[in-house]
Amino acid sequence: REARRRVGLCVGVMPRVKTGKEQPPEGWEKIEPTLTELDKRMRDVENEPHEGKRKVESTWPIHRIHHERSRYIYEMFYKKKEISRELYDYCLRNGYADAALIAKWKKPGYERVCCLRCIQRSDHNFDTTCICRVPKSKLAEGKVVECVHCGCRGCASGD
């Protein structure tokens, strides 16, 4: 007992347990059908067979739906201003959108970035960014580019 007190642990005090689910704020009815549809599509993609595909190719549809869901919430709050700050924060807290990805979309030059792995220099050869970040005007004519990580075909802001 004495050792616990020295470490800073309270003896006999249990942490509070959350018993109920947090109620969604006002305006949830407006975005719920779209988020439900995206969740259904995500479940379908996760359960579809991936035989015959490369290992990375099987995760590309998951990345696309994740991007689409985050983009939907971003546009509803920042572009269209149809949802409240409270609802936006609720969506971020409960995993309906990727807060780090949305933070990048707010910065100049990253308005169209597809995923965070494409801009992490440590994940690529020669400490550069992904090939999908190269503007189409800088690539060879007729060359089809697909990101290895998420399957993006070009998310450079200059395109």
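Mentor: Let us begin with a charge and a ring: a charge sits over a ring if NZ of Lys or CZ of Arg is within 6 Å of the ring centre and within 35 degrees of the ring normal. In this predicted model, the charged end of Arg71 is placed over the ring of Trp105, at 4.5 Å from the ring's centre.

Trainee: Which aromatic cluster does Trp105 form part of?

Mentor: Trp105 belongs to one aromatic cluster together with Tyr74, Phe77, Tyr78 and Tyr88.

Trainee: How many aromatic pairs are there, and how are Phe77 and Tyr88 arranged?

Mentor: Rings pair if their centres lie within 6.5 Å, and planes under 30 degrees apart count as stacked. By this rule there are 7 aromatic pairs. Phe77 and Tyr88 make a stacked pair, with 4.3 Å from centre to centre and 10° between the planes. This pair links distant parts of the chain, since Phe77 lies in helix H3 (residues 60–79) and Tyr88 in helix H4 (residues 85–93), 11 residues apart.

Trainee: Are Phe77 and Tyr88 buried or exposed?

Mentor: Both Phe77 and Tyr88 are buried.

Trainee: How do the axes of H3 and H4 cross?

Mentor: Two packed helices are described by the angle between their axes and by the distance between those axes. Here the axes of H3 and H4 come within 10 Å and cross at roughly 160°, which means that H3 is roughly antiparallel to H4. The crossing of H3 and H4 is left-handed, and Ile73, Phe77 and Tyr78 in H3 meet Arg85, Tyr88 and Cys91 in H4.

Notes. Residues are numbered from 1 along each chain as its sequence is written. This is a predicted model: local features need pLDDT of at least 70, side-chain atom pairs count only at pLDDT 80 or more; totals for chains, interfaces and linings use all residues. Side-chain values use heavy atoms; hydrogens and water are left out. Rings of Phe, Tyr and Trp (its six-membered ring) pair if their centres lie within 6.5 Å; planes under 30 degrees apart count as stacked, over 60 as edge-to-face and the rest as tilted. Helices (H or I, at least four residues) and strands (E, at least two) are DSSP runs, numbered from the N terminus. Buried means under 20% relative accessible area, exposed over 50%, partly exposed in between (1.4 Å probe, protein chains only). Axes are lines fitted to C-alpha atoms, for helices over the stretch in contact, and angles run from 0 to 180 degrees between N-to-C directions. Angles under 35 degrees count as roughly parallel, over 145 as roughly antiparallel, 65 to 115 as roughly perpendicular and the rest as oblique. A crossing is left-handed if the near helix is turned anticlockwise from the far one by less than a right angle, and right-handed if clockwise. Contact means heavy atoms within 4.5 Å.
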